[in-house]
Amino acid sequence: MERDEVVAAAEALERAAASSTAGDWRLGGLLASRPEVIAHRADGGTEHVAEARAASARWIAAMSPALAGPLAAWLRSAARVEPVDPAAVAVARTLRDRLPG
């Protein structure tokens, strides 16, 4: 059933996030040609995500560009329905905050 598939995907996404490097990931570093992804934790600590590859690899692979098409299609679909699903608005706002342009 499609509903079960969607719920299973949501659960897998949550598991991948929970096992990945914790924190708010932001671009940083000293060289524009070699930006670094730095996880900023709630306790004020930081960790370079590349140094935690084992924990983050599954998450990075899951969020590959292959996800862009289906995610963009879902956001466009959600935008056509009134009222707009609050989850879609939250995803859109997070993406807009994190994506350049």
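1. Basis. The structure is a predicted model, in which local features need pLDDT of at least 70 and side-chain atom pairs count only at pLDDT 80 or more, while totals for chains, interfaces and linings use all residues. Residues are numbered from 1 along each chain as its sequence is written, and side-chain values use heavy atoms, with hydrogens and water left out.

2. Layout. The protein chain has four helices and three strands, taken as DSSP runs numbered from the N terminus (helices being H or I of at least four residues, strands E of at least two). Along the sequence the pattern is α-β-β-β-α-α-α, and the C-alpha atoms fill a box of roughly 45 × 30 × 30 Å along the principal axes.

3. The three strands form an open antiparallel sheet in the order 1-2-3, where two strands count as paired if DSSP finds at least two bridges between them. Strand 1 and strand 3 (46-48) are the edges, each pairing on one side only, and the twist averages 30 degrees from one strand to the next, with axes fitted to C-alpha atoms and angles run from 0 to 180 degrees between N-to-C directions.

4. Pairing. Strand 1 and strand 2 are joined over five bridges, with G28 opposite E36. Strand 2 (residues 36-40) and strand 3 pair over three bridges; here A39 stands opposite E47, and H40 has T46 as its bridge partner. These two strands make a hairpin with five residues between them, and G44 in the turn has a positive phi of about 95 degrees.

5. Helix 4. This helix of 13 residues reaches 18 Å from its first C-alpha to its last, close to the 18 Å expected at 1.5 Å a residue, the expected span being 1.5 Å times one less than the number of residues. At its start, a side-chain oxygen of D85 reaches to within 2.9 Å of the backbone nitrogen of A87.

6. Pocket. Of its 35 lining residues, W59, M63, L67, L71 and L95 lie nearest its centre. Helix 1 (2-19), strand 1 (24-28), helix 2 (53-62), helix 3 (68-79) and helix 4 (86-98) each supply at least two, and helix 1 gives the most, with seven.

Note on methods:
1 Å grid on protein atoms, 1.4 Å probe; cavity = no way out; pocket = protein on both sides within 12 Å on 5 of 7 lines; lining within 4 Å. Polar contact = N/O pair within 3.5 Å; in protein donor to acceptor, adjacent residues only side chain to side chain.
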